[in-house]
Amino acid sequence: MSVYLSERILMLLEAEGIKTLFGIPDPSFLRMFTTAEKRGWQVIAPHHEEAGAFMAEGMWRMTGRPGVVVGNQGPGVANLVPAAINAAKENAPVLFIGGQRKYIAEQRVRRGRIQYVRTSRYFEEAVKYVGTVGYPEQIDEVMREAFRQMLSGTPGPAYVEVPMNSMLAEVDLPEPVSPESYRLVHQPSSQPALDAAIELIKAARHPLILAGQGAFTSRAHADIGALACNLQCPVLHTYPISSFPDGAEAQTFPYGFTPASIDAVAKSDLVIAVGTDLGEPVQNGVGGHWAKGHTDRKWIYIERDPLAIGVNRPIDVPLVGDLCDIVPQLVDRLADAPRSRPPELDQWIAMHQAWKDEYLASVPDGSQPIHPARFMVEATRAIPADSVFVRDGGATNI
């Protein structure tokens with residue numbers, strides 16, 4: 001089938017389940033934007049490319065699908081760089097597509113060339129993959145490699161540059177293949193590792209689940225909730241994510257900030273870490289609150305990147321793979337052996353609620369100007385439950 005390369009890009013993205021595009025159109029991408037709208041896409045043009053890139057990262061956080069943002073040749077692409085650095089730090093699989101002048105411009109020795117910058121080098125330090133579609137027929141292999149790199153192991157961003165000599169060309173290629181045809185999609189745990197994890201779980205008296213950003217962005221709420229309900233254990237979410245697994249909302253607390261979570265950590269004899277890199281926000285799983293109580297507690301670590309195992313702390317049973325595959329494996333294996341509810345769990349739930357009530361009662365009311373805490377309380381009450389908050393402010397977030 002013969003289509004313009006811009007439409008081929010859209011077809012390849014659709015094969016990945018993506019139908020949202022962020023960016024500001026110019027002659028390089030005008031055909032892509034208009035074609036996307038005709039194909040039923042949600043096309044969002046922000047006031048600034050950097051804002052659009054952060055919006056694309058937000059889309060990944062809320063849907064579990066990579067975000068896609070376009071930057072026009074020259075300054076438009078340059079404006080994406082700060083967001084690419086952030087996406088790399090946040091392990092966000094955002095696809096940055098950059099425009100570029102025809103490649104003949106690269107060899108020109110003339111001065112004063114408008115909107116020509118060798119932009120790919122600015123992304124090399126930040127992203128997992130930098131690809132260039134120097135020839136139109138390369139589009140499939142470059143785009144597939146971008147997704148392969150973004151979604152394999154620890155997720156991260158990729159940059160694909162498309163010069164105008166390629167973007168404006170027509171290509172004659174077969175229908176795009178499904179992701180399963182060219183990259184690893186499912187990563188369940190090996191059976192021996194799963195057996196060892198089940199043995200530790202059955203031997204534990206006070207297990208807890210430590211859920212990080214990966215648990216939130218993978219949209220694994222239902223599976224993690226099912227595991228927590230089976231184990232009748234607390235779920236501690238790590239800063240800055242507030243992820244409440246389905247069915248386990250009452251037994252979910254923020255790590256380290258409340259008396260309930262601190263006591264749950266001290267009493268735990270098994271930690272199931274899922275979707276977290278066990279980094280500084282949780283004292284690497286070693287110091288701080290972990291140094292109290294059961295200092296010989298066992299650790300099960302669900303992690304996609306085998307190179308992360310044992311780096312920040314020793315791990316008793318590593319489950320290498322995707323949490324979306326491994327957590328259901330644990331749920332299935334434990335389905336016939338649900339735990340009885342320990343009295344400590346209800347104590348922690350009551351303790352956490354009392355802590356929240358105390359803080360709520362201490363929020364100043366009627367002050368002028370309005371106290372920030374009162375603003376947060378009233379905003380939470382007024383904004384619909386299915387809204388998405390986008391906020392910054394350090395301690396205010398906490």
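This is a predicted model: local features need pLDDT of at least 70, side-chain atom pairs count only at pLDDT 80 or more; totals for chains, interfaces and linings use all residues.
Colleague: What percentage of the 398 residues is buried?
Modeller: A residue counts as buried when its relative accessible area is under 20%. The accessible surface of the chain is about 19,100 Å², and carbon and sulfur atoms account for 54% of that surface. Of the 398 residues, the buried share is 48%.

Colleague: Among contacts between residues at least 6 apart in sequence, what percentage joins residues at least 24 apart?
Modeller: A contact here is a pair of residues with heavy atoms within 4.5 Å. Among contacts between residues at least 6 apart in the protein chain, the share that joins residues at least 24 apart is 72%.

Colleague: Which helices and strands do the buried residues of H7 pack against?
Modeller: Helix H7 covers residues 139-151 and reaches 18 Å from its first C-alpha to its last, close to the 18 Å expected for its 13 residues. Its buried residues are Ile139, Asp140, Val142, Met143, Ala146, Phe147, Met150 and Leu151. Just after the helix, Gly153 has a positive phi of about 65°. The buried residues of H7 pack against helix H1 (5-15) and strands S5 (94-100), S6 (129-132) and S7 (158-163).

Colleague: Which element supplies the largest share of the largest nonpolar core?
Modeller: This core has 34 residues, and those touching the most other members are Ile9, Leu13, Leu95, Met143 and Phe147. At least two residues each come from H1, helix H2 (30-38), strand S4 (67-71), S5, H7 and S7. The largest share, at seven residues, is that of H7.

Colleague: Which residues does Met143 contact, leaving aside neighbours within four places in sequence?
Modeller: Met143 is one of the buried residues of H7. It is also among the core residues that touch the most other members. With those sequence neighbours left aside, the contacts of Met143 are Ile9, Leu12, Leu13, Leu95 and Val160.

Colleague: Which residue forms a salt bridge with Glu16?
Modeller: Glu16 is in the loop between H1 and strand S2 (20-23), and its partner, 167 residues apart, is in the loop between strand S8 (170-172) and helix H9 (191-203). Both residues of the pair are buried. With closest N and O atoms 2.6 Å apart, the partner of Glu16 is Arg183.

Colleague: Is Arg341 buried, partly exposed or exposed?
Modeller: The side chains of Arg341 and Asp346 meet in a salt bridge of 2.8 Å, N to O. Asp346 has a relative accessible area of 40%, so it is partly exposed. Arg341, at 39% relative accessibility, is partly exposed.

Colleague: Which residues does Ala264 contact, leaving aside neighbours within four places in sequence?
Modeller: Ala264 lies in helix H12, residues 259-267. Its relative accessible area is 1%, so Ala264 is buried. Leaving those neighbours aside, its contacts are Leu208, Pro234 and Trp348.

Colleague: Why does Val390 count as exposed?
Modeller: Val390 lies in the segment after helix H15 (372-382). Together with Met62 and Val388, Val390 forms a nonpolar surface patch with about 310 Å² of accessible area. A residue is exposed when its relative accessible area is over 50%. Val390 counts as exposed because its relative accessibility is 80%.

Technical notes:
Residues are numbered from 1 along each chain as its sequence is written. Side-chain values use heavy atoms; hydrogens and water are left out. Patches are made of residues with over 30% relative accessible area and no salt bridge: like charges are joined within 9 Å, nonpolar side chains (Val, Leu, Ile, Met, Phe, Trp, Tyr) within 5 Å. Accessible areas come from the Shrake-Rupley method with a 1.4 Å probe; for residues, only the protein chains shown count as cover. A salt bridge is a side-chain nitrogen of Lys or Arg within 4 Å of a carboxyl oxygen of Asp or Glu. Helices (H or I, at least four residues) and strands (E, at least two) are DSSP runs, numbered from the N terminus. Buried means under 20% relative accessible area, exposed over 50%, partly exposed in between (1.4 Å probe, protein chains only). The expected span of a helix is 1.5 Å times one less than its number of residues. A nonpolar core is a set of buried Ala, Val, Leu, Ile, Met, Phe, Trp, Tyr and Cys residues joined through side-chain atoms within 4.5 Å.
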